[in-house]
Amino acid sequence: MIPLEEAQKYVLERCPVVASVKRHPNDSLGLVLAAEVMTTEAVPPFANTAMDGFAVRASDTQGAPKQLKVVDTLAAGAVPQVMVQAGEAIRIMTGAPMPPGADAVIMVELTSVEGDQVTVEAEVPVGNHVRSAGEDLQPGQTVFTAGQVLTPGHLGVLASIGCAEVLVREPLRVGVMSTGDELIDGPQPLAPGQIRDANRHSLLALLAEAGFVGVDLGLVPDDQEALEEAFSAACLGEQRCHAVLSSGGVSMGDFDFVKVVLDRLGDMRWMQVAIKPAKPLAFGVVGEVPVFGLPGNPVSSMVSFELFARPALRAMAGHGELERPRVLATLEGALPRHLDGKTHFSRVTATLVDGRYWVRSAGGQGSHQLSAMAAADALAVLSDGTGAQDGDQVEVLLLR
Ligand code: AMP
Ligand code: MG
């Protein structure tokens, strides 16, 4: 067995960042910038009012209450035509440009109007409620640097500077296949010995949740020719993926052909990692495509995805932060285990009370017991030993 960190390092070293493409910002949510973005425009583009009210000369409000003559009205989108002279005011709506001559805005709530006269009830300083040009962004400024993950707020900023194209890392297309003669898909009755495929569905969902494009490569039997054809199409064909996940067929069984086929097609390493679940991992590069031969047990395939595939795929997509957050939590109940030279990743539910995490077992901890994985919000990291007791502080990997 090899330590988890060694296996993770081996995988990461063979998962280089993907090429970059030009896309419209609106098609780039969740993608990673491959180049910085500059603005040629100021935001806001002109000085404007932050309030509905009256544009005035601040000096005219000295000794308020004061009466001023209303000489114009400015709506958002209007172009000021009239200058504010001493003793005058212009009625102005939020977002309208500041008229020449005015250097402050008094909010409408602090005024009263009679005919063409407005009484200002308070003294205001120069710049009151004025949003000056470039207060958010200056022309020539770097708005975002390479490596930035684009969130909804970033798309808003890009729109506000008139950006129609960004250079981002390609969205990752990741193929997923389930291997095993016993697997069927769909609601038809199970024939003797058959089970329903769970892994392809959970793995495609994990990919979607992580912001990648899952490509369903279907069910593949435990047959060397069929596996070779499926991996070849996914890794070497015209429509090849950026990476491929398979599940099953990487253990010690007589029909575990995934590792055999990957060895033939590419540069493959079959690892026994000192973890439970998810000890076996076949990782290979076929052509230039990283292939993750995940174990078949449903919990193992998901845990293996979390520990190996997700960080590596994030690295390929250009992310800097690869791992799930790890926090300390207080254990409620016990998480017993035995000495076996492995680090255990127990499925736990987590609650946050007054800023502190509490975790408890999410149910049956067998690698075939997917219900506990479904219920889990976190994986408790139990180093080799006899487990953790009620009240112990344990390290957990937050899954959500
Ligand atoms: P394997 O790694 O192929 O030896 O499979 C280990 C265990 O996981 C066996 O009990 C398989 O039947 C089961 N298994 C493999 N693939 C899947 C799958 N896609 N969905 C549900 N169970 C699976
Ligand atoms: Mg199998």
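**Entry 1: the ligand**

I started at ligand 1, where an oxygen atom lies 3.2 Å from a backbone N or O atom of Asn297. The protein covers 77% of the 480 Å² of accessible area that ligand 1 has on its own. I note here that the model is a predicted one.

Gly249 brings a backbone N or O atom to 2.9 Å from an oxygen atom of ligand 1. Ala198 has a polar backbone atom 2.9 Å from a nitrogen atom of ligand 1.

Next I asked how many residues surround ligand 1. I found 16. The closest are Glu182, Asp197, Ala198, Gly249 and Gly296. I then sorted the shell by residue type. It holds 8 polar, 4 nonpolar and 4 charged residues.

**Entry 2: the domains**

I turned to the domain assignment of the chain. Domain 1 is given as 4-18 + 170-316. Domain 2 is given as 20-43 + 135-169. Domain 3 runs over 48-131, and domain 4 over 326-398. I also looked up one distance between domains. The centres of domain 2 and domain 4, taken over C-alpha atoms, are 40 Å apart.

**Entry 3: strand E4 and its partners**

Which strands does E4 pair with? I found E6 and E7. E4 covers residues 53-56, and E6 covers residues 88-92. The two run antiparallel and are joined by 3 bridges. In this pairing, Phe54 stands opposite Arg91 of E6.

E7 spans residues 104-107. I counted 4 bridges between E7 and E4, which also run antiparallel. Here Gly53 of the one strand stands opposite Met107 in E7.

**Entry 4: cis peptide bonds**

I followed the chain on from E4 to Pro65. Pro65 sits in the loop between E4 and strand E5 (66-74). The peptide bond from Ala64 to Pro65 is cis, with omega near 0°.

I looked up another cis bond, the one from Lys276 to Pro277. Its omega is near 0°. Pro277 is placed in the loop between strand E19 (275-276) and strand E20 (280-286).

**Entry 5: positive phi**

I stayed in the loop between E19 and E20, where Ala278 is also found. Ala278 is not a glycine, yet its phi is positive, near 80°. Is Ala278 buried or exposed? I have Ala278 down as buried because its relative accessible area is 3%, and the cut-off for buried is under 20%.

His129 was my next stop. It has a positive phi of about 55° although it is not a glycine. I placed His129 in the loop between strand E9 (117-120) and strand E10 (130-131). His129 has 27% relative accessibility, so it counts as partly exposed. That class lies between the 20% and 50% cut-offs.

**Entry 6: Asp390**

Where is Asp390? I found Asp390 in the loop between strand E27 (387-388) and strand E28 (393-398). Asp390 counts as exposed because its relative accessibility is 57%, and exposed means over 50%.

I then checked Asp390 against Thr330. They are 60 residues apart in sequence. In space they are 8.1 Å apart, C-alpha to C-alpha.

Note on methods:
Residues numbered from 1 in each chain as written. Chains lettered and ligands numbered in written order. Predicted model: local features only at pLDDT ≥ 70, side-chain atom pairs only at ≥ 80, totals over all residues. Heavy atoms only, no water. Pairing = 2+ DSSP bridges. Domains from an automatic or database assignment. Near = heavy atom within 4 Å. Polar contact = N/O pair within 3.5 Å; in protein donor to acceptor, adjacent residues only side chain to side chain. Areas by Shrake-Rupley, 256 points an atom, 1.4 Å probe, with all protein chains shown as cover. Nonpolar A, V, L, I, M, F, W, Y, C, P; charged D, E, K, R; others polar. Buried < 20%, exposed > 50% of the residue type's maximum accessible area, 1.4 Å probe, protein only.
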